[in-house]
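This briefing is for a reader who is new to the structure shown below. Please look through the sequence and the model before going on to the notes.

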Amino acid sequence: NAPTVSSVFPGEGTVPVNYGGFYVEAMDSHGGWVSSTVDLLRFLAGVDGRTSRPDILSAALVTEMTSNGATVCANGACYYAGGWLVRPTQGDANWWHGGSLPGTTSLLVRSYHNFSWVALSNARSVNGNFDGELDAALWSALANVSSFPTHDLFSTFR
């Protein structure tokens, strides 16, 4: 049911917007990433400022990347820093970044209490609140977990 547009590829004619209405590979960092959830979580673990595994950025760059920026939340409780929305809380902060293109939604979250998660979806809300509902559902799921593995599971995923 996607709207149709002229394809960005010569000679293709009219196509559904998510099948040629834009050239995702040319988008670079604002939508051109192609990844799995596990690899995005590995990336997040490599820039999260935690000591549990080495970061690919220096501590100074992690601090710069998450330092104060423009206030974006209605109540002033969060700001947009270097690519991350940041909400300071309990001596640390939650960071998150989401994105959406026609037919897709993504969400990366680094929580103040040492949990991180990634969600990728092949759905997108045009007029609804899919992003907010997805975020709330994942926070709720985390709150209802009674125990976690005690060892690192990254090595079990290719």
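The notes below cover strand pairing, a disulfide, salt bridges and the surroundings of one arginine.

This is a predicted model, in which local features need pLDDT of at least 70 and side-chain atom pairs count only at pLDDT 80 or more, while totals for chains, interfaces and linings use all residues. Residues are numbered from 1 along each chain as its sequence is written, and side-chain values use heavy atoms, with hydrogens and water left out.

**Strands and hairpins**

- Helices (H or I, at least four residues) and strands (E, at least two) are DSSP runs, numbered from the N terminus.
- Two strands count as paired if DSSP finds at least two bridges between them.
- Strand 4, residues 79-80, pairs with strand 5 in the antiparallel sense over 2 bridges.
- Within this pairing, Tyr79 is opposite Val86 of strand 5.
- The hairpin of strand 4 and strand 5 has 4 residues between the strands, and Gly83 takes a positive phi near 95° there.
- Strand 5 (residues 85-89) is also paired with strand 6 (residues 92-101), in the antiparallel sense and over 5 bridges.
- Val86 faces Trp95 in strand 6, and Pro88 has Ala93 as its bridge partner in strand 6.
- Between strand 5 and strand 6 the hairpin has 2 residues, and Gln90 adopts a positive phi near 50° in this hairpin.
- Strand 6 pairs in turn with strand 7 (residues 104-110), in the antiparallel sense over 7 bridges.
- Trp95 has Arg110 as its bridge partner in strand 7.
- The hairpin of strand 6 and strand 7 has 2 residues between the strands, and Gly103 has a positive phi near 90°.
- As a general point, side chains in a regular strand alternate between the two faces of the sheet.

**The disulfide**

- A disulfide is taken as a pair of cysteine sulfur atoms within 2.5 Å, and by this rule the count is 1 disulfide.
- In general, such a link is a covalent bond between the sulfur atoms of two cysteines.
- The disulfide joins Cys73 and Cys78, with their sulfur atoms 1.5 Å apart.
- The link of Cys73 and Cys78 is right-handed, with 75° about the S-S bond.
- Cys73 has 17% relative accessibility and so counts as buried.
- Cys78 is also buried, at 1% relative accessibility.

**Salt bridges**

- A salt bridge is a side-chain nitrogen of Lys or Arg within 4 Å of a carboxyl oxygen of Asp or Glu, and a search of the whole structure finds 4 salt bridges.
- In general, side chains of opposite charge can pair when their charged atoms come close.
- Arg42 and Asp39 form a salt bridge through their side chains, at 2.7 Å from N to O.
- Both Arg42 and Asp39 belong to helix 1, and they are 3 residues apart, about one turn of the helix.
- Arg42 is partly exposed at a relative accessible area of 26%, and Asp39 is partly exposed at 37% relative accessibility.
- Arg53 and Asp152 also meet in a salt bridge between side chains, at 2.2 Å from N to O.
- Arg53 is in the loop between helix 1 and helix 2 and Asp152 in the segment after helix 3 (130-143), so this pair ties together parts that are 99 residues apart in sequence.
- Arg53 counts as partly exposed at 27% relative accessibility, as does Asp152 with a relative accessible area of 45%.

**Around Arg50**

- Arg50 sits in the loop between helix 1 (37-45) and helix 2 (59-65).
- Its relative accessibility is 15%, so Arg50 counts as buried.
- Arg50 forms a salt bridge with Asp92, with the closest N and O atoms 2.8 Å apart.
- Arg50 lies in that loop and Asp92 in strand 6, so the pair ties together parts that are 42 residues apart in sequence.
- Asp92 is partly exposed, with a relative accessible area of 26%.
- A network of salt bridges links Arg50, Asp92 and Arg110.
- A polar contact is a pair of N or O atoms within 3.5 Å; within protein, one must be able to donate a hydrogen and the other to accept it, and residues adjacent in sequence count only if both atoms are side-chain atoms.
- The side chain of Arg50 makes a polar contact with the side chain of Asn114 at 3.0 Å.
- Contact means heavy atoms within 4.5 Å.
- Not counting residues up to four places away in sequence, the residues that Arg50 touches include Asp55, Tyr112 and His113.

Conventions:
Buried means under 20% relative accessible area, exposed over 50%, partly exposed in between (1.4 Å probe, protein chains only).
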